[in-house]
Amino acid sequence: MKKWSVLLCLAFLWTTGYSKKKQEMVKDDRIWWCETAYKISYPVLDALSKGELKKRMPVEAANPEQRRNFAHLEAFGRLICGIAPWLELGPDDTPEGKMRGELLVLARKAVRNAVDPESPDYMNFTQPSQPLVDAAFLAQGLMRAPKQLWGSLDSGTRRMVVEALLKTRSIKPFQNNWLLFSGMVEAFFLWAGEPWDAMRLEYSLVRHEDWYKGDGVYGDGPDFHWDYYNSFVIQPMLMDIHAVMLDKEKCNEKTYNRILSRSVRYAQVLERFISPEGTFPAVGRSLCYRTGCMQTLSQMALMHCLPQGVTPAQVRCALTAVAKRMFSAQGTFDEEGWLKSGFAGYQPGVAEGYICTGSLYLCSVGFLHLGLSAGDEFWKAPATSWTARKAWGGEDFPIDHAH
């Protein structure tokens with residue numbers, strides 16, 4: 001009896017300790033994501049809030065003189081697009097809330113400096129075509145933080161934002177994902193109660209409907225490409241544009257739900273891409289956007305629209321495994337904290353000619369799930385295996401079906 005009592009006690013202590021360890025891991029996951037978001041964000045927002053982004057941000061690129069013309073709008077627009085849902089939670093007295101509060105103060109000043117013609121950091125919204133891309137990301141980011149960012153700006157700053165975005169209408173988008181940049185700017189105007197160009201918006205949607213290839217994937221233009229542009233741009237912008245249109249009664253629920261179902265399916269595929277080791281296929285263009293490859297999965301988690309059979313906890317664990325591998329890799333940041341080119345570490349050969357330091361901040365759109373409160377199931381549920389980990393670990397896992 002004594003032997004069994006000892007064994008039962010040991011088993012109880014082991015399981016209690018294991019349970020406690022799992023809960024600590026859950027807590028540590030959110031802490032890690034918040035600290036990493038702050039680490040990525042602070043150099044950009046601190047410099048821009050002081051009107052010193054153009055002076056302080058390095059511009060690493062194959063053609064730095066050319067990319068310097070729009071690198072700063074790239075960095076700011078893309079960063080805001082990703083961290084906006086987290087900032088929207090607002091400041092509070094927790095360590096995380098204090099981080100958000102600090103970044104919000106900087107971000108509000110940064111918006112002003114980016115769009116004020118009198119600012120040394122006033123950004124290029126017209127020449128030659130790249131500004132359309134990052135103006136759209138900025139607009140999308142402001143829409144993702146309606147209270148803490150857009151709603152907290154004074155009327156003069158809001159007017160300058162609108163005037164800056166209006167300038168992008170002079171840029172003709174290419175016949176591919178770029179159409180959605182025009183569409184997103186017009187969706188912002190619709191959302192903000194400004195005059196909007198229905199033709200520019202609706203044309204981008206009609207074209208992408210034509211380019212839908214099936215099973216949750218759109219072509220980037222008429223052709224299909226093995227890359228992550230469905231996650232970088234296409235699916236998230238289609239979702240956010242249709243959300244505005246539904247709210248403003250410019251589309252119906254059937255249309256919105258059709259777009260949503262495709263994003264859900266694409267998110268399902270992305271989750272299955274993540275290996276037991278926290279890697280995923282390095283295929284296609286723009287791999288320097290790092291965690292941006294997972295934006296659609298992060299967005300579906302934020303919206304509580306994960307695929308059937310995919311739990312929030314498994315997505316948290318899978319995305320955490322990926323992000324830790326990427327951002328802990330040597331050479332990801334320079335000595336001043338700016339991002340450097342690469343997929344997992346410093347890999348300048350991975351950067352296409354259109355990539356520069358500012359481009360890299362699209363990694364932030366893989367952080368959308370930080371917009372879920374700390375009390376959400378996504379963060380609170382115990383750690384668990386994701387699909388590939390189950391599959392390669394000999395566990396039972398759900399079979400896959402085309403959409």
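Colleague: Which residues is K50 in contact with, leaving aside its neighbours within four places in sequence?

Modeller: This is a predicted model: local features need pLDDT of at least 70, side-chain atom pairs count only at pLDDT 80 or more, and totals for chains, interfaces and linings use all residues. Numbering runs from 1 along each chain as its sequence is written, and side-chain values use heavy atoms, without hydrogens or water. K50 is in the loop between α1 (2-49) and α2 (53-56); helices are DSSP runs of H or I, at least four residues, and strands are E runs of at least two, numbered from the N terminus. Taking contact as heavy atoms within 4.5 Å, K50 has R56 and N113.

Colleague: Is K50 buried or partly exposed?

Modeller: Buried means under 20% relative accessible area, exposed over 50%, and partly exposed in between, with a 1.4 Å probe and protein chains only. K50 has 48% relative accessibility, so it counts as partly exposed.

Colleague: How far is the C-alpha atom of K50 from that of K380?

Modeller: The two residues are 330 residues apart along the chain. Their C-alpha separation is 38 Å.

Colleague: How far apart in space are K39 and W338, C-alpha to C-alpha?

Modeller: K39 lies in helix α1. Its relative accessible area is 44%, so K39 is partly exposed. K39 touches F333 and G337, residues up to four places away being left out. K39 and W338 are 299 residues apart in sequence, yet their spacing is 9.0 Å.

Colleague: Which residues does F327 touch, not counting residues up to four places away in sequence?

Modeller: F327 is among the residues with the most contacts inside the core. Its partners are W32, T36, I40, R290, T291, T332, F333, L339, C363 and F367.

Colleague: Which helices are included in what covers the buried residues of α12?

Modeller: In α12 (residues 295-302), 7 of the 8 residues are buried, so the helix is largely enclosed by the rest of the structure. The buried set is Q295, T296, L297, S298, Q299, M300 and A301. Their cover includes α10 (229-247), α11 (253-273), α13 (312-327) and α14 (377-380).

Colleague: What is the relative accessible area of S286?

Modeller: S286 lies in the loop between α11 and α12. S286 is not a glycine, but has a positive phi of about 60 degrees. S286 is buried, with a relative accessible area of 0%.

Colleague: What is the phi of D215?

Modeller: D215 lies in the loop between β1 (212-214) and β2 (217-218). At 29% relative accessibility, D215 counts as partly exposed. Its phi is positive, in a residue other than glycine, and is near 55 degrees.

Colleague: What is omega for the peptide bond that joins Q127 and P128?

Modeller: P128 lies in the loop between α5 (95-115) and α6 (130-143). The bond is cis, with omega about -20 degrees.

Colleague: What radius of gyration does the chain have?

Modeller: The radius is taken over C-alpha atoms, and the globule rule is 2.2 Å times the number of residues to the power 0.38. With 403 residues, a compact globule would be near 22 Å. The chain agrees, at 22 Å.

Colleague: How far apart are the centres of the positive and negative side chains?

Modeller: Lys and Arg count as positive, Asp and Glu as negative, while His and the chain ends are not counted. Each charge is placed at NZ of Lys, CZ of Arg, CG of Asp or CD of Glu. There are 46 positive and 45 negative side chains, and the centres of the two sets are separated by 3 Å.

Conventions:
Core = buried A, V, L, I, M, F, W, Y, C linked by side-chain atoms within 4.5 Å.
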